[in-house]
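Subject: Structure handover

Hello,

Here is the structure for you to look over. My notes follow below it.

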Amino acid sequence: MNQNYIYLLCFTIVCYSPGFSQNIGIGTASPHASALLDITHTGKGLLIPRMGTVNIAAISNPAKGLLVYDTIENQLMVNMGSNLAPDWQTIGSKSGWNLTGNSGTDANSQFIGTTDNVALNFKVNNQQAGKIEIGNSGNTSLGFEAAIAVSSGNNNSAFGAQALTSNTTGNFNTATGNQALRSNTTGGLNAANGSWALYSNTTGSYNTANGHSALYSNNGSYNVASGASALVSNVSGAYNAAVGAQAMFFNGGGNHNVAIGYRALYGNTGGAFNTANGVFAMNFNTIGVNNTATGSSALYSNTSGAVNSAYGNAAAYSNTTGSNNVGVGNNALYYNASGSYNTAVGNTAGNNAGTNPSNFTALGYNAGHLGSNSNTIEIGNSSVSWIGGNVGWSTYFSDERAKTDVNENVPGISFISKLRPVTYRLSLEMQQAVLGVADNNNWDGKYDIEQQVQSGFIAQEVEQAAKELNYDFIGVAAPIGNRKLYSMQYSAFVVPLVKAVQEQQQIIEKQQQKIDELSLQVQALLKKQ
């Protein structure tokens, strides 16, 4: 009999001796105080019973904590259940995952997770940091307190610290980023991608936010924000689309707006049905509605103006409260601030700085800077030398039904005889000096008009002639308001010319009558001879 067997036999005898209360050491004279049995050896171990898997399962009433070695699976087994309901589990790393990595794994049979319908939880510092559910719930979260409050909400995905952390019953939400959709409780079908995206949303639904703090304050629905701080202040606004960093930054309750570009519709608070496409487009709009701005800084200064359309870089740039304006072209209608019902089409077409006409139209490059008055139309700039078409110009006010206070008091010969027809050449430099502007832009043929010999009248002379006859002649427009140059309607000369011809005809007819009378008298005298 070997020494180890003797020691074990002695131990067994002692253990079953009544009143035994001291610990025993095998291979040591000083067994550890916490151990009932302390086996010490430098070259041998403890060998426990070995058997196959079937034999283990057949052990009758195994004690909880019973330890055996499974020779089939080559692993230690311990009963973690009771003697009536055994639960044999493995010990060691044979089927576990090592903290330093694993090798030789089988992707078809080995995994991290559960084999029953119980959610897989992850914790850090004993606090929830992730959860994967299956079945009808379909919720997935990863991150500190992500989706931690979900009660009956289904099909939500939260990735990031405190993402969807307050969600209780909201469904089909996706939150990716630190505190994305953090406050959401019942809102559903939202998508938030970015730190603090849709942070304050509680009940809003059908929102999409992409970017840091996008739709941060939102509680509205059907909004789309893509860009850092896009729609960041939106509270109740709905059906808005903002694409670009800080696009619609201050929007609170405005609805049905579209902003594309950095700071597009930046200052909008309650304006609705606006479309802004371009960097800084409608940057300062607050409550203006039904505006369309396409181009960098288009309608940049608009605050409350409504129903404006601006297409082009800085088109309608200065407009603040003006409404129903149309500016098409680079810097078109740039200076208009409060005037309404204006139309400017062409590069830099529009009124002059400091003017705010209404019902003003400018067509063509740099058109509109000669007068800039309300109820006027300017076509072309000062270099335009020909305007034409296939038919003549027609005016509505010729209709008898639109006339009142009709009088036949147009002077004819007396007015026409005072006119002085002249030839001349136009000086653009002198014209600009009168206007107080300098057109530094240049293009081929800009000064060709100065080479043309013009025929016409001197406006001031025509004005003086009409005054001498107390004739309110519409053909001369003196400087008024923003218009600093005289202008004339040459078509207006037709009426006094017709009158002059009529008066001449009357004179001719009277002279002819006198001639006829004298002719008869001559014939009568000849017959008497």
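Where is the place of Leu469? Leu469 is in the loop between helix H5 (459-468) and strand E26 (476-477). Please keep in mind that this is a predicted model. Leu469 counts as partly exposed, at 28% relative accessibility.

Salt bridges

How many salt bridges does the structure hold? There are four. Three of them are described here.

Lys418 is partly exposed at 38% relative accessibility. Glu468 is partly exposed too, at 48%.

The side chains of Arg420 and Glu461 also meet in a salt bridge, with 2.5 Å from N to O. Again the pair links distant parts of the chain: Arg420 sits in the loop between H3 and E24, Glu461 in helix H5, 41 residues apart. Both ends count as partly exposed: Arg420 has 45% relative accessibility, and Glu461 has 30%.

Next, Arg401 and Asp399. Their side chains form a salt bridge of 2.7 Å, N to O. Arg401 is exposed, with a relative accessible area of 77%. Asp399 is partly exposed, at 31%.

Aromatic rings

The structure holds 21 aromatic pairs. One of them joins Phe249 and Phe250, edge-to-face, with 4.8 Å centre to centre and 75 degrees between the planes. Is Phe249 buried or exposed? Phe249 is buried, because its relative accessible area is 19% and the cut-off for buried is under 20%. Phe250 is partly exposed, with a relative accessible area of 38%.

Tyr365 and Trp443 make another pair. Their ring centres are 5.2 Å apart and their planes lie at 85 degrees, so this pair is edge-to-face. Tyr365 lies in the loop between E22 and strand E23 (377-379), and Trp443 in the loop between helix H4 (428-435) and strand E25 (454-456), so the pair ties together parts that are 78 residues apart in sequence. Tyr365 is partly exposed at 25% relative accessible area. Trp443 is partly exposed at 28%.

Which residues do ring pairs link into a cluster? They are Tyr262, Phe280, Phe284, Tyr300, Tyr317, Tyr334 and Tyr335.

There is also a charge over a ring. The charged end of Arg263 sits over the ring of Tyr266, 4.2 Å from the ring centre.

Surface patch

Eight names belong here: Tyr311, Val328, Val345, Leu363, Ile377, Ile379, Val384 and Ile387 make a nonpolar surface patch of about 660 Å². Take Leu363 as one of these residues. Leu363 lies in strand E22 (residues 361-363). Its relative accessible area is 34%, so Leu363 is partly exposed.

Strands

Strands of a sheet pair through backbone hydrogen bonds, either parallel or antiparallel. In this model, four strands form an open sheet with mixed pairing, in the order E3-E4-E5-E6. Strand E3 (50-51) and strand E6 (88-91) are the edge strands, and each pairs on one side only. E3 runs parallel to strand E4 (residues 67-70), and two bridges join them. Met51 has Asp70 in E4 as its bridge partner.

What is the sense of pairing between strand E7 (residues 120-124) and strand E8 (residues 127-132)? E7 and E8 run antiparallel, joined by five bridges. Leu120 has Ile132 in E8 as its bridge partner. Two residues lie between E7 and E8 in this hairpin, and Asn125 in the turn has a positive phi of about 55 degrees.

Best regards

Technical notes: Residues numbered from 1 in each chain as written. Predicted model: local features only at pLDDT ≥ 70, side-chain atom pairs only at ≥ 80, totals over all residues. Heavy atoms only, no water. Pairing = 2+ DSSP bridges. Patch = residues over 30% accessible without salt bridge, like charges linked within 9 Å, V, L, I, M, F, W, Y side chains within 5 Å. Areas by Shrake-Rupley, 256 points an atom, 1.4 Å probe, with all protein chains shown as cover. Buried < 20%, exposed > 50% of the residue type's maximum accessible area, 1.4 Å probe, protein only. Phe/Tyr/Trp six-rings, centres within 6.5 Å; stacked < 30°, edge-to-face > 60°. Lys NZ or Arg CZ within 6 Å of the ring centre and 35° of its normal.
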